[in-house]
Amino acid sequence: MVYISPSILASDFVILGEQVAEAQAGGADMIHVDVMDGVFVPNISIGFPVIKSLSSHFSIPLDVHLMIDDPDRYVDLACTSGADFLTVHIERLRDPKSTLERIREHGVHPSISVSPKTPIESVFPYIRDADMILVMTVEPGFGGQHIIPETLIKVRKLRDEVNRRGLRNYKIEVDGGIRASNVATAVTAGANVIVTGSAVFGDPDIPSAIKSIRSAANGDV
Ligand code: DX5
Ligand code: ZN
């Protein structure tokens with residue numbers, strides 16, 4: 001099964017609720033929420049009040065991606081605000097295992113992310129502590145960028161490693177530059193959770209954009 005997680009970074013925030021409702025009705029499996037602090041990445045996006053509002057209005061799982069300098073300071077707040085999956089970057093964790101455990105204690109799925117320049121082997125020791133690994137397919141910070149094709153080699157290596165450990169259906173998420181035209185290559189490499197921002201919320205017809213990405217991911221087109 002391939003999960004589609006549209007990123008609201010590309011949404012129109014004046015009508016965020018309407019657009020999330022369209023994505024939910026249009027078959028999205030989760031909603032990806034990018035939290036940026038202007039320090040870990042050169043951009044500032046949205047924060048916990050928005051997560052709280054979304055979680056009180058929608059049943060769709062919230063896939064929260066923390067791109068912040070000191071994630072340990074904010075994981076509790078992210079969890080209590082309503083995250084269902086919480087992704088933290090390995091580049092900013094002092095003790096990844098304990099952060100992932102803390103997230104799990106909140107009943108939230110822990111996830112760990114690697115930026116393009118970080119070797120994928122760095123997350124291997126934490127595969128069992130996380131329910132998902134996010135492989136960044138662009139440099140984090142902005143939507144609407146082009147995929148860095150070499151990052152899919154990391155996805156392949158990670159899928160081979162989880163298979164070697166007998167972890168079937170382990171969630172490997174790709175994030176950045178994914179659209180209908182390249183999603184099949186990401187799925188072939190081993191991704192099964194697809195973040196897509198501009199290709200969904202940049203399209204006037206959100207449900208049809210989700211449908212095209214899903215068909216392409218399933219190899220139907
Ligand atoms: C980038 C964010 C992504 C971004 C994806 O730093 O983590 O989630 O919103 O947007 P697109 O799909 O437009 O590349
Ligand atoms: Zn993201």
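In this predicted model, Pro49 belongs to helix α2, which spans residues 48–57, helices being DSSP runs of H or I with at least four residues and strands runs of E with at least two, numbered from the N terminus. Pro49 is exposed, with a relative accessible area of 61%, where exposed means over 50% with a 1.4 Å probe and protein chains only. Its C-alpha atom is separated by 26 Å from that of Pro207, 158 residues apart along the chain.

Residues are numbered from 1 along each chain as its sequence is written. Local features need pLDDT of at least 70, and side-chain atom pairs count only at pLDDT 80 or more, whereas totals for chains, interfaces and linings use all residues.

Ligand 1 is surrounded by 20 residues, the closest being Asp34, Gly141, Asp175, Gly197 and Ser198; a residue counts as near when one of its heavy atoms lies within 4 Å. Polar contacts, pairs of N or O atoms within 3.5 Å, include the following.

| Residue | Polar atom | Distance to an oxygen atom of ligand 1 |
|---|---|---|
| His32 | side chain | 3.3 Å |
| Asp175 | side chain | 2.6 Å |
| Gly197 | backbone | 2.7 Å |

The protein covers 99% of the 380 Å² of accessible area that ligand 1 has on its own, as computed by the Shrake-Rupley method with a 1.4 Å probe. Two or more residues of the shell come from each of β2 (31–36), β3 (62–67) and β8 (193–196), and β2 gives the largest share, three residues.

Notes: Chains lettered and ligands numbered in written order. Heavy atoms only, no water. Polar contact = N/O pair within 3.5 Å; in protein donor to acceptor, adjacent residues only side chain to side chain. Buried < 20%, exposed > 50% of the residue type's maximum accessible area, 1.4 Å probe, protein only.
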